[in-house]
Amino acid sequence: MSAPLKHLLSTRDLDLETISWIFSRAERLKRMRAVLSTDERVLYGETTATLFWEASTRTRVSFELAAIRLGACVVHLAPKDSSIAKGESLHDTIANLFALGCRYFVVRHSISEEVKRLADKARYGAHLINAGDGTNEHPSQALLDAFTIRERKKTFQGLKIAILGDILRSRVARSNLYLLTKLGAQCFVAGPPDLVPEKLNVISTTIAQNMDEALTDADVVMVLRLQKERDGKKFEISDSEYFQKFGLTRERLALAKPDAIVMHPGPLHRGVEIDSEVADGPQSVILKQVENGLFLRMAIFEALRGELG
Ligand code: NCD
């Protein structure tokens, strides 16, 4: 029996029962192609709001589609089009949406831990989902990544997962490290020395000396974007130099196992962190990750709704 899930803020908080419930449910939703009977639409009559302080394509659209598939109404609020532009706080905005019946809030914010602060202050009955907070966490992305890995590799035990690129500023890296190591994988991180933390307080995680060490015999290669919008000036390198030193090319990928899968949370910068030949190649599961995002996010809503077994 899993503990009830009130908010989804971090992959650190998730217990193995909850993760396994979310995966099995997402698997079932995938088999059903997300088409549910009226009785199964557990968010029927509910309202979900998506509040995004940073740009998004995949995360926002898949959360909105997931809520709609489950029968909810969806409202999207961008700060510039709302009373936030007139100085209203985000907390007050959420309280007002709550008064209008909204119970599910999918929030992306540029400040780390901001979604947790909002969740701590929100009215009882509100469910907050962290859709990416600064450089901190992006739990739904990690869950869909792990789900995609499980689909291809069946188990996490003994898997070598290389996470490459801008580790320091990536919320996707952090959420994935917490989750994938909890599930039994061994993670290796590598990238530009300035963008790989000197220490990482995560079990079963190795800071590789270089890209080759992380890539050698990897089962999964996860490539991350250079997060130039976060302290961009601290790390200056041209796109072509980045590609030459750290880009995932066919030659570099050859160090990994022949059946290794290639992942990327998007948005892709082709010719910077990844070569098109690899992104569109036979080992790439990048669009599978996007596809799985819908089923996984439906399962997250169901878990928050109290459907956990
Ligand atoms: C990521 C994000 O916004 O954190 N993208 C996503 O949600 N799919 C990664 C990124 O922006 O690089």
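Aspartate 81 forms a salt bridge with lysine 80, with the closest N and O atoms 3.5 Å apart. A salt bridge here is a side-chain nitrogen of Lys or Arg within 4 Å of a carboxyl oxygen of Asp or Glu. Both aspartate 81 and lysine 80 are exposed. Exposed means over 50% relative accessible area, buried means under 20%, and partly exposed lies in between (1.4 Å probe, protein chains only).

This is a predicted model, in which local features need pLDDT of at least 70 and side-chain atom pairs count only at pLDDT 80 or more, while totals for chains, interfaces and linings use all residues. Residues are numbered from 1 along each chain as its sequence is written, and side-chain values use heavy atoms, with hydrogens and water left out.

Step back to the whole chain. The secondary structure of the protein chain comes to 11 helices and nine strands. These are DSSP runs, numbered from the N terminus: helices are H or I with at least four residues, strands are E with at least two. The radius of gyration is 19 Å, close to the 19 Å that the globule rule gives for 309 residues, so the chain is as compact as a globular protein of that length. That radius is taken over C-alpha atoms, and the globule rule is 2.2 Å times the number of residues to the power 0.38. Along the principal axes, the C-alpha atoms fill a box of roughly 55 × 45 × 35 Å.

How much of the chain is buried? Buried residues make up 56% of the 309 residues. Among contacts between residues at least 6 apart in sequence, 76% join residues at least 24 apart. Contact means heavy atoms within 4.5 Å. The accessible surface comes to about 13800 Å², and 51% of it belongs to carbon and sulfur atoms. Such areas come from the Shrake-Rupley method with a 1.4 Å probe; for residues, only the protein chains shown count as cover.

Now the charges. The chain has 42 positive and 40 negative charges, and their mean positions are 3 Å apart. Lys and Arg count as positive, Asp and Glu as negative; His and the chain ends are not counted. Each charge is placed at NZ of Lys, CZ of Arg, CG of Asp or CD of Glu.

The structure holds 20 salt bridges. One of them joins the side chains of arginine 117 and glutamate 114, at 3.1 Å from N to O. The two residues are three apart in helix 4 (residues 114-121), so about one helical turn separates them. Arginine 117 is partly exposed, at 40% relative accessibility. Glutamate 114 is buried, at 18%. Another salt bridge pairs aspartate 166 with arginine 169, at 2.9 Å from N to O. Are these two residues buried or exposed? Both aspartate 166 and arginine 169 are buried. Elsewhere, Arg33, Lys288 and Glu291 are linked in a network of salt bridges.

Tyrosine 104 sits in strand 3 (residues 102-109). Its relative accessible area is 2%, so tyrosine 104 is buried. Beyond its neighbours within four places in sequence, its contacts include Leu43, His127, Phe301 and Arg305. Tyrosine 104 and isoleucine 94 are 10 residues apart in sequence, and their C-alpha atoms are 9.9 Å apart.

Glutamine 141 belongs to helix 5 (residues 139-153). At 5% relative accessibility, glutamine 141 is buried too. Glutamate 64 lies in helix 2 (residues 58-69). Glutamate 64 is buried at 15% relative accessible area. With neighbours within four places set aside, glutamate 64 is in contact with Thr50, Val74 and His76.

Last comes the backbone. Most residues other than glycine have a negative phi, and most peptide bonds are trans. Alanine 34 is not a glycine, yet has a positive phi of about 65 degrees. Alanine 34 lies in the loop between helix 1 (16-31) and strand 1 (47-52), and is buried at 1% relative accessibility. Lysine 154 also has a positive phi, of about 70 degrees. Lysine 154 is in the loop between helix 5 and strand 5 (160-164), and is exposed at 65%. Which residues does a cis peptide bond join? Glycine 266 and proline 267, with omega about -5 degrees. Proline 267 sits in the loop between strand 9 (261-263) and helix 10 (276-279).
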